[in-house]
Amino acid sequence: MRSCWPAAVLMPVTCFLAASSPSSNESIFREQILPVLQANCATCHAVANPASDFSIKTFDDILRGGKHGPAITPGKSDESLLVQYVRGEKTPKMPMGGALPDAAITSLAAAIDRMQPAQNQAAARDAYLDWVLHAPKPPAIPGVKRKEWVKNPVDAFILSKLEEKGLEPAPTANRRALLRRVYFDLIGLPPSPEEIEHFINDPSADAYEKVVDKLLADRRYGERWARHWLDLVRYAETDGFAIDSERPTAWRYRDYVIRAFNDDKPYNLFVKEQLAGDELTGKQFSAEKRSERLVALGFLRMGPWEADANFRTQLRQDFLNEVTSTTASMFLGLTVGCARCHNHKYDPIPQRDFYRMQAFFAATKIDERAAAFMEVEHPDELKRLRRKCEDEAEPASGSLKKLEERLKQNYIEAKHLKPDDKTAGDFQKALKDAKDPIYTAEERQAWQESKDLARKLNEAIPRYSPVAYSAADVTPPDVPAVADTYVLAGGELAAKGEKVEPGFLECITGTREPAKIPYSDDGSGRRLVLAEWIASPENPLASRVMVNRLWQYHFGDGIIRTPSDVGKNGDRPSNPELLDWLAVQFLEKKWSIKAVHKLMLTSNAYQQSAESPEAKRYAEIDPNNRLLWRMNWIRLEAEVVRDSILALSGRLQSCDGGPGVFLNIPADVAEGFEFFKWFPSDEQEQLRRTIYTFQRRSVVMPMMEVFDGANMSESCARRNITTVAPQAFSLLNSEFTNTEAKYFAGRVMKLAGNDAERQIDEAFRLALGRAPTVEETGKARALFVHSDARDALTRLAVVLFNLNEFIYLE
Amino acid sequence: MNFELARRRFLYQSLTGVGGLALGELLNRDLKAASTENPLAPRKPHHTPKAKSCIFLTMLGGVSQVDTFDPKPTLDKFDNTLMDWSKERNTDQPGLFAKPRLVLKSAFKFQKYGQCGMDVSELFPQVATCVDDMAFVRSIQAESGNHPAAVFQLDTGFVMPGHPSMGAWVTYGLGTENQNLPAFVVLPDFRSLPFSGSQQWGSGFLPASYQGTVLRWKGEAIRDLKPPSEVTPQIQNQEMELLRGLNQEYLEKHFTNPELQGRMNAYELAYRMQAEVPGVLDLAKESEATKQMYGMNNSVTESFGKRCLMARRMVEHGVRFVQLYTPSQSWDGHTDVAKNHEKNARETDQPIAALIKDLKQRGLFDSTLLVWMGEFGRTPDCPAENREHAGRDHNTRAMTIWFAGGGIKGGTLVGATDDLGFKAVHDAYRIRDVHATILHQMGLSDLDLTYYNAGRNMRLTDTGGRVIRPVVG
């Protein structure tokens with residue numbers, strides 16, 4: 001939520017505004033009504049009871065009321081149910097079997113009369129739901145005064161809102177800023193000085209469009225945009241929880257997502273493959289397609305998994321809950337998960353609908369499925385690597401075994417045991433106990449090293465196995481019937497209520513009828529029905545939610561700033577017509593994500609400068625730049641910072657997927673775990689883009705953590721953007737920055753020769769895409785006074801990597 | 001443009017950026033805050049505070065009240081008998097009572113301590129010597145019986161993620177006194193971090209400046225605090241000078257983006273922290289006697305002891321809010337609760353008592369609020385099927401917590417549970433009431449400490465809490 005607000009200084013002002021309403025309805029309730037209710041009504045109404053469904057817990061509860069409607073009508077005591085019940089005007093008179101003193105009733109009524117009457121909020125909210133829950137119709141493209149500014153209809157929608165408020169869009173960004181913006185946006189890496197030079201000097205009318213096309217076709221585009229999707233699916237390569245076991249082939253899902261973006265896989269197919277890839281694998285499909293779709297289905301398993309849970313039925317229920325909630329928030333932008341325990345508090349989603357949606361997953365079981373490597377995955381290379389791992393692991397295991405036999409023998413001798421004594425197995429305990437005199441420190445170390453080597457090599461083998469981390473359905477004849485789904489009171493397994501059939505959300509379809517599930521020969525067919533409904537043009541949410549996400553990644557803020565909650569409690573769209581127009585375009589362009597990128601990127605709205613000459617005045621009218629009278633500033637994410645530094649040092653290794661690489665991570669983060677050990681990969685392999693690094697839930701790379709990396713346990717619709725001192729420590733002092741700065745210095749010296757001024761010039765051009773000013777060169781020269789050129793350039797590199805100009809895109 | 005001019009223009013822009021609604025008193029506070037250009041500058045509280053700092057001792061997993069501070073002789077009487085839960089259908093955890101359950105007496109002996117005659121079990125022999133300085137509340141109720149949600153509620157007031165932590169709210173309300181140290185310090189146990197890790201001390205929708213900073217108690221206190229060894233202080237100065245200069249020029253061209261200044265401030269803070277943190281955390285300066293007192297010489301108490309000592313040094317140096325955590329789910333005694341609680345009590349009893357005594361010796365006790373609390377209490381019974389490894393399950397309806405120092409009335413006992421210790425029956429309070437009490441002692445009114453987010457005034461206490469009056473004297 002953070003980036004959209006002007007940061008630190010503005011915030012306290014806004015909030016203080018909000019604080020200065022001393023006798024809000026809420027505080028009247030809290031001070032004058034709640035004590036009476038707590039004293040007299042809490043026995044039955046402390047929480048909602050089944051008879052009345054009415055709770056006095058919070059002011060919201062009171063306003064929502066129970067079965068009979070809101071308990072209080074602010075400002076109108078006579079119309080308030082609460083008063084009617086305690087007065088005995090409605091039966092049963094409350095409190096049940098008793099009565100409040102008259103004085104208490106009078107003061108309750110007086111307190112309600114003192115409240116501010118509500119202002120037709122309910123009606124306004126419902127109008128919003130009516131819009132969002134109905135399929136978008138193509139809106140008319142609005143007319144505008146400044147027609148020449150309109151490059152495509154996106155601009156007409158933006159400009160018409162600006163003109164309504166008397167605002168002018170900002171001038172077009174300068175070419176350097178624009179090129180950096182679109183490079184970081186699409187491929188997550190900086191343009192080279194030559195690319196900038198070329199763009200600045202390209203006089204052709206379609207110079208910019210050519211760049212957009214080139215970048216959309218660049219394979220690094222998929223590496224950049226897959227990361228957004230992985231944030232949403234809470235991608236990780238381990239289970240989380242205490243054991244945090246590895247998912248050796250989860251990387252295939254990551255590569256699937258990268259390919260899907262690069263190949264511009266139609267979004268409706270992308271959805272279907274991830275929810276029901278297995279049910280799309282009839283005999284008519286090739287083995288390649290089958291592998292692809294079983295890998296895509298890994299989506300269902302991306303959440304955390306408590307492998308050692310005692311209560312397996314609960315574990316399964318947790319899995320179903322997780323999949324249901326994530327599917328709804330990702331694809332529909334609805335917080336259906338809130339209806340797990342009770343009816344949704346804001347949106348018209350009854351608890352029943354959570355379980356009706358869950359019923360689509362009722363037959364699903366987790367499964368590691370055989371799935372031959374596809375050509376794009378380089379099967380021969382993977383086979384070769386697997387063999388190499390096996391060849392190396394075998395002797396390592398052998399020598400560990402030999403070593404342990406010898407050490408055991410020592411133990412037997414030292415303890416004077418018989419060779420077959422069962423306690424001989426305790427020799428490992430003695431090895432682990434540094435104080436035990438049986439073994440020397442050298443022996444202990446040799447054992448540890450041998451053990452680690454064998455473990456490291458053996459662990460690597462399954463990463464190259466032709467297996468999909470996937471799911472399957474359990475259906476007849478393996479089981480008598482697909483498991484039934486029940487509404488669970490309070491979300492508790494033991495509290496089974498009404499039995500439900502798979503069905504779509506009533507608030508969208510208007511019906512409670514179960515979905516029709518056709519016969520499928522590879523599963524229950526249920527998930528495919530759900531996926532087809534989600535990805536159908538009739539669904540009002542799938543396309544809106546996805547184009548809104550794309551908009552957010554390009555512009556910094558979504559048209560709705562809560563991209564995974566477009567319900568009542570979410571943000572209101574800044575430009576609903578634009579959102580509808582884009583959603584309809586998305587369908588017309590056959591769910592092509594690249595087509596939508598192009599619409600957004602080639603708009604004038606996107607190409608505006610982040611600075612407006614009218615900033616001061618406009619900030620009073622639209623402080624959060626919701627109407628886009630300028631481009632938003634964008635701060636680079638953690639991965640982009642790391643990848644860019646590697647690109648600048650000249651060491652970034654291109655890579656075509658495969659198992660994740662293990663970075664060097666400080667011991668206090670990576671060590672001390674009982675069930676796994678962290679073995680860094682070879683240095684050369686570590687130079688890959690961050691998306692290819694191994695994602696262990698319990699070992700987060702420190703730089704990712706301080707720079708608001710995605711939480712690997714919950715779907716992350718939007719990265720936080722925070723600014724804290726530890727970020728400075730990481731970027732100034734970490735081994736990573738300083739190592740790459742040294743390589744950067746070397747690269748600069750090679751390119752610029754020995755002249756300090758030329759070196760400084762080159763360093764600025766590489767890192768910032770511009771030459772330094774005379775003043776800047778002068779300042780930078782200070783570093784060369786007490787150090788040799790390489791050291792000075794290393795320090796200069798560290799400074800450049802830390803500049804606001806490097807981290808922020810104007 | 002010179003720096004001062006840029007700053008003023010920037011400030012002006014920020015202040016007028018609210019649509020001309022910046023009025024009177026509203027401006028005052030923020031002019032003051034903005035003129036120091038530091039969101040963490042000390043701020044005037046709502047009323048005269050009793051405590052300047054807070055140390056929150058988080059007992060993850062949930063402590064059993066009937067084994068620690070809420071003795072129930074009735075449990076001895078009915079030990080091993082079948083519980084009748086037929087009247088408890090409408091519980092928040094119906095699954096819990098679906099199978100037969102047996103009453104489980106406490107394995108620990110209770111004794112009365114201090115002038116006030118407070119009951120403490122043998123699990124906390126050293127804390128027991130401090131009871132005249134502590135106030136116990138036996139009637140706290142939680143809203144969720146699930147760990148992840150309950151930890152969120154304990155830390156942020158809400159069971160769903162995304163809200164600011166209490167440390168973030170307090171520093172947002174009050175700023176901090178020592179700008180060279182983080183305002184809100186978190187001392188987790190690195191054996192096992194709380195669920196959701198850093199989200200527990202995050203700033204939620206508040207500006208990031210209020211998020212907690214984790215200090216490590218092994219190795220370097222803050223990662224990458226210092227540059228590589230070949231960078232001499234002289235070189236580092238040059239480097240910082242250049243960074244400052246280039247950023248300043250950039251700021252003057254782009255003063256409408258307040259984040260640029262915010263990020264420059266963060267670098268200045270980092271630079272000052274680098275100088276100050278090592279000294280503050282240098283436990284070698286402490287006497288042997290002090291280290292002994294905190295149990296740092298003993299591997300059982302070392303982890304919590306060292307962090308308690310760090311907490312004392314932090315408040316001594318003006319840190320506003322310090323939060324300690326036991327390992328994730330450490331007190332979660334579903335099986336062998338006696339063994340579990342014995343282990344956890346052994347790790348924390350001596351360090352906590354040492355902290356109280358040390359703060360008193362140094363005259364810091366009155367200005368430091370201590371709070372000891374878990375995410376919920378535990379049941380007085382156990383599942384019948386696992387009697388040989390009897391444990392207690394989660395109980396949202398009763399939990400004992402305690403306060404000390406910071407204006408708390410020592411020797412106070414608030415609230416009571418039923419004969420079994422299952423449910424609070426007198427003076428029940430909720431977790432938001434605990435939060436309201438913390439804010440109150442620190443000079444903040446929970447109703448007035450608001451932040452506008454997504455169309456609504458948000459609070460730590462949501463619709464408001466009740467200050468637990470009897471403990472605040």
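Trp591(A) sits in the loop that links α23 (576–588) and α24 (593–601) of chain A, in what is a predicted model. Helices and strands here are DSSP runs counted from the N terminus (H or I over at least four residues for helices, E over at least two for strands). The phi of Trp591(A) comes out near 60°, a positive value for a residue that isn't glycine. Trp591(A) counts as buried because it has 22 C-beta neighbours inside 10 Å; the cut-offs are 20 or more other C-beta atoms within 10 Å for buried, 12 or fewer for exposed, and partly exposed in between, with C-beta atoms placed from the backbone. His416(A) belongs to the loop between α17 (379–415) and α18 (427–432) of chain A, and it is exposed, as 7 other C-beta atoms lie within 10 Å.

For context, most residues other than glycine have a negative phi, and most peptide bonds are trans. Chain A also has cis bonds to look at. One runs from Met94(A) to Pro95(A), with omega near -10°, and Pro95(A) is in the loop between α4 (81–87) and α5 (102–114) of chain A. Another joins Pro476(A) and Pro477(A), where omega is about 5°; Pro477(A) falls in the loop between β2 (467–473) and β3 of chain A.

On bookkeeping, residues are numbered from 1 along each chain as its sequence is written, while chains are lettered from A and ligands numbered from 1 in the order in which they are written. As this is a predicted model, local features need pLDDT of at least 70 and side-chain atom pairs count only at pLDDT 80 or more, whereas totals for chains, interfaces and linings use all residues.

Next, the helix packing. In chain A, helix α13 (residues 267–276) packs on helix α21 (residues 526–534) at an angle of about 160°, the axes being 9 Å apart. Axes are lines fitted to C-alpha atoms, for helices over the stretch in contact, and angles run from 0 to 180 degrees between N-to-C directions. α13(A) and α21(A) are therefore roughly antiparallel (over 145 degrees; under 35 counts as roughly parallel, 65 to 115 as roughly perpendicular and the rest as oblique). The crossing of α13(A) past α21(A) is right-handed, meaning that the near helix is turned clockwise from the far one by less than a right angle, with anticlockwise giving a left-handed crossing. On the α13(A) side, Val271(A), Lys272(A), Leu275(A) and Ala276(A) meet Arg527(A), Leu528(A), Leu530(A), Ala531(A), Glu532(A) and Ile534(A) of α21(A), contact being C-beta atoms, placed from the backbone, within 7 Å. By class, that contact of α13(A) with α21(A) has seven nonpolar, no polar and three charged residues (Ala, Val, Leu, Ile, Met, Phe, Trp, Tyr, Cys and Pro are nonpolar, Asp, Glu, Lys and Arg charged, and the others, Gly among them, polar).

Between the chains, helix α29 (residues 725–733) of chain A packs against helix α7 (residues 258–281) of chain B at about 80°, with axes 8 Å apart. That makes α29(A) roughly perpendicular to α7(B). Ala725(A), Gln727(A), Ala728(A) and Phe729(A) of α29(A) make the contact with Ala266(B), Tyr267(B), Leu269(B), Ala270(B) and Met273(B) of α7(B). By class, the contact of α29(A) with α7(B) has eight nonpolar, one polar and no charged residues.

Helix α16 (residues 351–358) of chain A is mostly covered, with seven of its eight residues buried. The cover over the buried residues of α16(A) includes α15 (312–332), β3 (485–488), β4 (496–500) and α20 (506–509) of chain A. By contrast, Val774(A), in helix α32 (residues 774–781) of chain A, is exposed, with 9 other C-beta atoms within 10 Å.

As for chain B, its secondary structure comes to 12 helices and 19 strands, and buried residues make up 56% of its 473 residues. The mean pLDDT of chain B is 86, and 86% of its residues reach 70 or more, pLDDT being the predictor's confidence in each residue, from 0 to 100. Over residues 1–37 of chain B, though, pLDDT stays under 50. Where pLDDT is low, the predicted coordinates should not be read in detail. For the complex, the predictor gives an ipTM of 0.83 and a pTM of 0.78.

Technical notes
Two residues are in contact if their C-beta atoms, placed from the backbone, lie within 7 Å.
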